[in-house]
Amino acid sequence: MGLQFNALHLSYVVHVLGVAGAVMVLVWNISFRGGLAWESSNKNLIFNVHPVLMLIGLVILGGEAIISYKALPFKKAEKKLIHLILHAIALVLGIIGIYMAFKNHNESGIANVYSLHSWLGEEPVSVSSLGIGIIVLYDIQWIYGFLVFFYPGGTADLKKESLPWHVLFGIFLYTLVVANSALGFLEKLTFLESSGIEKYGSEAFLVNFTAIVAILYGTFVLLTALSRGPEEDNHSYSAI
């Protein structure tokens, strides 16, 4: 059974929040943090790539992948392919984002993996989601989904038995992604405030509101995924 909301209507809110979150994290890291760089003598520019990719990748594109079955006016096979591709892009961006955090820390002589945020996902002072623990689970989820539901594809019985668990674990995993994202914003802001930025300044407000947008985005993604979708979509997320 799902929620008796119209998933398509809720998805509009998801899209708006996603655009807002992407713009806010880019403004923060480009206008306030100095920009983005793959290689730079200013190692902070390398780290700035991390929050941008993690938020846009795992949180936003991952969320769009989750609601693709409920928000797109296509046939189920087409929505399945979009779901798969969006998750793959999110996964690649997440891996690159974690790599950039490690790259920054290694080149700056900063210790790696010493906080709860880094244990769950990425590195200590970060702004987004996912990473070491969560990225492994995300990998497993994507590979299993690819093999069972896409190619070579499992038997009808295997698909039927796997779907509820695939959906449930996907929602659980995405919840971890969003929660770790919020934890990353908190850690980064605490680090910046200890380094001298004003606690009630414009940058602090921007970071806090970006975190709020990320949490709201994740909330509406889950509401959309659990709501009433198109009639032809009776076997996607109805198992929850």
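In this predicted model, Asn48 has a relative accessibility of 2% and therefore counts as buried, the cut-off being under 20%. This asparagine belongs to helix H2, which spans residues 43-71. Beyond the neighbours within four places in sequence, the contacts of Asn48 are with Asn29, Arg33, Gly34, Gly35 and Leu36.

The chain holds seven helices and two strands, and their order along the sequence is β-α-α-α-α-α-α-α-β. Of its 240 residues, 47% are buried.

The nonpolar interior comes next. In soluble globular proteins, nonpolar side chains tend to be buried together. Here the largest nonpolar core has 38 residues, and the members that touch the most others are Trp28, Leu55, Tyr174, Phe185, Tyr217 and Val221. At least two residues of this core come from each of the helices H1 (7-32), H2, H3 (76-108), H5 (132-150), H6 (156-194) and H7 (202-225). Another core, of five residues, lies apart from the largest one, and its members include Ile46, Val49, Leu53 and Leu93.

Helix H2 can then be followed through two of its helix pairings. Two packed helices are described by the angle between their axes and the distance between the axes. For H2 and H3, the axes come within 7 Å and cross at roughly 160°. Because this angle is over 145 degrees, H2 counts as roughly antiparallel to H3. The crossing of H2 past H3 is left-handed. Sorted by class, the residues in the contact of H2 with H3 are 19 nonpolar, 12 polar and seven charged.

The pairing of H2 with H6 can be described in the same terms. The axes of H2 and H6 come within 11 Å, with a crossing angle of roughly 155°. These two helices are therefore also roughly antiparallel to each other, and H2 passes H6 in a left-handed crossing. On the H2 side, the residues involved are Phe47, Leu55, Leu58, Val59, Gly62, Gly63 and Ile66, and they meet Tyr174, Val177, Ser181, Phe185 and Lys188 of H6. The contact of H2 with H6 comprises eight nonpolar residues, three polar and one charged. Leu55, Tyr174 and Phe185, which take part in this contact, are also among the residues that touch the most other members of the largest nonpolar core.

How values were computed
Residues are numbered from 1 along each chain as its sequence is written. This is a predicted model: local features need pLDDT of at least 70, side-chain atom pairs count only at pLDDT 80 or more; totals for chains, interfaces and linings use all residues. Side-chain values use heavy atoms; hydrogens and water are left out. Helices (H or I, at least four residues) and strands (E, at least two) are DSSP runs, numbered from the N terminus. Buried means under 20% relative accessible area, exposed over 50%, partly exposed in between (1.4 Å probe, protein chains only). Contact means heavy atoms within 4.5 Å. A nonpolar core is a set of buried Ala, Val, Leu, Ile, Met, Phe, Trp, Tyr and Cys residues joined through side-chain atoms within 4.5 Å. Axes are lines fitted to C-alpha atoms, for helices over the stretch in contact, and angles run from 0 to 180 degrees between N-to-C directions. Angles under 35 degrees count as roughly parallel, over 145 as roughly antiparallel, 65 to 115 as roughly perpendicular and the rest as oblique. A crossing is left-handed if the near helix is turned anticlockwise from the far one by less than a right angle, and right-handed if clockwise. Ala, Val, Leu, Ile, Met, Phe, Trp, Tyr, Cys and Pro count as nonpolar, Asp, Glu, Lys and Arg as charged, and the others, Gly among them, as polar.
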